[in-house]
Amino acid sequence: MPSVTVDNTTETVTVNTTAVTISSPTFTTQYPDPTTAAFLYSDFLGNCEPFDICYGTAGQPNSGSWSYIVNAAIDFGSLQLLLPDGQGTRVGVYAADADGTDVDRNTQLGYGAFDFTARVKFTEGAEQTQRVVVGFGVSHGPPDTTVGQKLMLQFGAAFVCYGGSGNWIATFADSNTLDEVDSGVAVNVYHTLRITTNAAGTLINFYIDGNLIRSGAPTFDPSTTLGTWGAEARDKKTGGSTNPVTLSLDYMALKYTIAR
């Protein structure tokens, strides 16, 4: 049997390797997986890095605000996105460069697989003109575009919440035409929303708390659509709401893998 002897007087360690046999050793590399092209994550513990925040639109700069809550006993850290009452307001957090008026739409599907996750909740009291989008394409959709009081996701694949609806809706959008599946999962308590795509961008899966909500091909063309991953709350351009609302994020992550 192998043994280790420590001599405190001479301050030496003696290792007896008798009868030690190593067969079929497995070595673990210290290098990252080369197929992982990017991995972004924030626990929102006092900041949102590596993500970025947009707090308005071109017509309504500085129209949203945000804060952080640090409480290790509950959810460690959280980002609170406050959408004030008033038309044209907007606030969101994105995996892209953003400022007080716009978000850089520079992501395209079809070159690698995406895995997006966010643990979120949307407070009660929202009105029909307000909406929340969590997923891909959130920076699309003019805030003055409505159908049946719904603010539209112009292109993309995302979980959507309309002000008067209490559930997350798994949505494909193409040219402001929506293909929706109601998850039956309430928006006013924390849930983990996840969206994955295959490398070709031709298959997209929606999950809530690990349960598959829907799976299928996007209605938009993944080879030509530029979008942004993230989460945002937004009000319509004219005739906006009269009550402020809050979108809370416990954490958000985005993984992008490619074949190597």
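Predicted model: local features only at pLDDT ≥ 70, side-chain atom pairs only at ≥ 80, totals over all residues.
## Basis

Residues are numbered from 1 along each chain as its sequence is written. Local features need pLDDT of at least 70, side-chain atom pairs count only at pLDDT 80 or more, totals for chains, interfaces and linings use all residues, and side-chain values use heavy atoms, with hydrogens and water left out.

## Nonpolar cores

A nonpolar core is a set of buried Ala, Val, Leu, Ile, Met, Phe, Trp, Tyr and Cys residues joined through side-chain atoms within 4.5 Å; buried means under 20% relative accessible area, exposed over 50%, partly exposed in between (1.4 Å probe, protein chains only). The largest one has 42 residues, and Val93, Val134, Trp168, Trp229 and Leu249 have the most contacts inside it. Strand S19 (residues 245-257) contributes six residues, the most to this core; strands are DSSP runs of E, at least two residues, numbered from the N terminus. Apart from it lies another core of seven residues, including Val133 and Tyr162.

## Salt bridges

There are seven salt bridges, each a side-chain nitrogen of Lys or Arg within 4 Å of a carboxyl oxygen of Asp or Glu. Glu232 pairs with Arg131 at 3.0 Å between the closest N and O atoms. This pair links strand S18 (residues 229-235) to strand S9 (residues 130-136), 101 residues apart. Glu232 is buried at 0% relative accessibility, and Arg131 is buried at 1%.

Glu232 also forms a salt bridge with Arg234, at 3.7 Å. Arg234 is buried, at 7%. Shared partners join Arg90, Arg131, Glu232 and Arg234 into one network.

## Gln80

Gln80 lies in strand S6 (residues 76-83) and is buried, at 14%. Its side chain makes a polar contact of 2.9 Å with that of Ser78 (N or O atoms within 3.5 Å, one able to donate a hydrogen and the other to accept it; residues adjacent in sequence count only if both atoms are side-chain atoms).

Terms used:
Helix = DSSP H or I, 4+ residues; strand = E, 2+ residues; numbered from the N terminus.
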